[in-house]
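Thank you all for coming. I would like to walk you through one structure this morning, going from helix packing to sheets and then to the chain as a whole.

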Amino acid sequence: MRATVIQAPHDIQVRQVPDPVIQRSGDAIVRVLRACVCGSDLWAYRGEAAREPGQRIGHEFLGVIEETGSEVSGFSRGDLVVAPFVWSDGVCAYCKDGLTTSCPHGGFWGTPGSDGGQGEYVRVPFADATLVGLPAEAAGDDHLLAGLLTLSDVLGTGHHAAVGAGVRAGTTVAVVGDGAVGLCGVLAAKRLGAERIIALGRHQARTDLARTFGATDVVAERGEAAVAAVRELTGGEGAHAVIEAVGTEQSMRTAVGITRDGGAIGYVGVPHGSGTGLDLGEMFGRNIALRGGVAPVRTYIPELLPDVLSGAIDPAPVFDLQVDLDAVPDGYRAMDERTALKVLIKL
C-alpha cells in the first residue's frame, strides 16, 4: 500500500509500505477515503518535533471497514467510520470519565509502530471503542465527507476549547488564532450560544470564514494592540471566554490580556514556548481560570455528529485545498507557506 512518511524536515514522501494486518482480535482494517494535514503535523515538517526517518504521519481520517478481528462486534466489512486522532480501549477509568486521550492502552496515529492516517489503509486497535459509525449514504457526498472528517480532530478540538473556556448562552467569546482549530472554535462558540464572538486574525480569507462561522467582530492587531482593541470592543472588561488555538508565548499573553476578570481560557494550541506567556500572579489576582489540553474528541463525536449530519453546523469550509495521495508533499508545502488553511486528501 502507499502511505505518507516523513523522511526529514521539509521532506514528506509517499512510499510503498507493508499492508496492515489484524494483530489483535479487537483490531479493524480501515480503507481510507479521506484524510487531511493538521497544523500540528507542521511542527514535525519544520523540524520542531522529532520524528524518525521514514516514520508514518497523519492522524485524521475516515473510511470503510475492510476487515475485522474476531472480537469486533460493533462493525462489519463495508461500514463507513470516522476515527478520532487517538485510539482508546473504552473501558479504563479515564475512558469512562471521557478522557480518552489519557487511556493507558491508547495511542496516536503516526507514532512509531503504528499506521499514519495519510495512507491507503490503517489498522485500528480497539475498533469498537475507537471508531464511530457514519451513515452509508454519506460516502457519496463529498461536502458532507469533508465536514465529517473534521470530527476526527479540528471540530472536536475547537469544541474542547470552547467547553474549557466556559462558553455558554449570552457570553462574549474571543478566539486567538485563525487556523482551522481557531475557526472551528468560532463555530463551536456559536453552537454553544455565544452572543458575541471576536476573532483575532489578520488573513482576510480566514477572518471572512470566521464571520461565516459566527464571528461578530474581527481584530487584526497583535500583542498589546490586540489586547487594547478587544478591551475597547468590550467596554474595557474583556471577554468572558477566550479560546487559545496557537500555543505560542505571544498568543498566551494575548489570551490572558483579553480575558475578563473571573473569566476562563480554553487552550488547545500545541504549546511551543507558551508557558512563558503565563503570569500566574496576574491570573490569581484576576481570578482567571485555565483549562484545556489534548482534546478527547472521541467523547465529543456523538454530540457533534448529529449537527454535522443535519447541516446545523458546516465545518467543511475549513478545507480550502484538495489533493490526492501523490500530491500530499505539495499540501504540506502549501500549509507551511500559509497559502492553504487546511489540506484535504482524497483517496
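This is a predicted model: local features need pLDDT of at least 70, side-chain atom pairs count only at pLDDT 80 or more; totals for chains, interfaces and linings use all residues.

Helices α8 and α9 are roughly parallel to each other, where angles under 35 degrees count as roughly parallel, over 145 as roughly antiparallel, 65 to 115 as roughly perpendicular and the rest as oblique. Their packing angle is about 25°, and the axes of α8 (residues 223-233) and α9 (residues 249-258) lie 9 Å apart; axes here are lines fitted to C-alpha atoms, for helices over the stretch in contact, and angles run from 0 to 180 degrees between N-to-C directions. Residues are numbered from 1 along each chain as its sequence is written, and side-chain values use heavy atoms, with hydrogens and water left out.

The crossing of α8 and α9 is right-handed, a crossing being left-handed if the near helix is turned anticlockwise from the far one by less than a right angle, and right-handed if clockwise. On the α8 side the contact, meaning heavy atoms within 4.5 Å, involves Gly223, Ala226, Val227, Val230 and Arg231, and on the α9 side Gln250, Thr254, Gly257 and Ile258. Sorted by class, this contact of α8 with α9 has four nonpolar, four polar and one charged residues, with Ala, Val, Leu, Ile, Met, Phe, Trp, Tyr, Cys and Pro counted as nonpolar, Asp, Glu, Lys and Arg as charged, and the others, Gly among them, as polar. The element names come from DSSP runs numbered from the N terminus, with helices being H or I of at least four residues and strands being E of at least two.

Let me turn to helix α11, and begin with its packing against α4. Helix α4 (residues 142-149) and helix α11 (residues 297-310) pack at about 160°, with axes 10 Å apart, and that makes α4 roughly antiparallel to α11. Their crossing is right-handed. Where do these two helices touch? Leu144, Gly147 and Leu148 in α4 meet Leu305, Val308 and Leu309 in α11, and the residues of this contact divide into five nonpolar, one polar and no charged.

Helix α5 (residues 154-164) also packs on α11, with the two axes coming within 9 Å and crossing at roughly 105°, and α5 and α11 are therefore roughly perpendicular to each other. From α5 the contact takes in Leu155, Gly156, Thr157, His159 and His160, and from α11 it takes in Val297, Tyr300, Glu303, Leu304 and Val308. These residues of α5 and α11 divide into five nonpolar, four polar and one charged.

Now to the sheets. An open sheet of six strands, with parallel pairing, has the order β13-β12-β11-β14-β15-β16, and two strands are said to pair if DSSP finds at least two bridges between them. Its edge strands, each pairing on one side only, are β13 (217-219) and β16 (289-292). Neighbouring strands of this sheet are turned against each other by 20° on average, direction ignored. Within it, β14 (residues 239-244) and β15 (residues 259-267) pair in the parallel sense over five bridges, and Ala239 has Thr259 in β15 as its bridge partner.

Three strands form another open sheet, in the order β2-β1-β4 and with antiparallel pairing; β2 (11-16) and β4 (55-56) are its edge strands. Strand β1 (residues 2-8) is joined to β2 by six bridges, and Ala8 is partnered with Asp11 in β2.

Strand β18 (residues 343-346) pairs with β3 (residues 28-36) in the antiparallel sense over three bridges, whereas β17 (residues 321-323) and β18 pair in the parallel sense over three bridges. Which residue of β18 stands opposite Cys36? Leu344 stands there, and Leu344 is also the bridge partner of Gln322.

Finally, the chain as a whole has 12 helices and 18 strands. Its radius of gyration is 20 Å, close to the 20 Å that the globule rule gives for 347 residues, so the chain is as compact as a globular protein of that length; the radius is taken over C-alpha atoms, and the rule is 2.2 Å times the number of residues to the power 0.38. Along its principal axes, the C-alpha trace spans about 60 × 40 × 35 Å.
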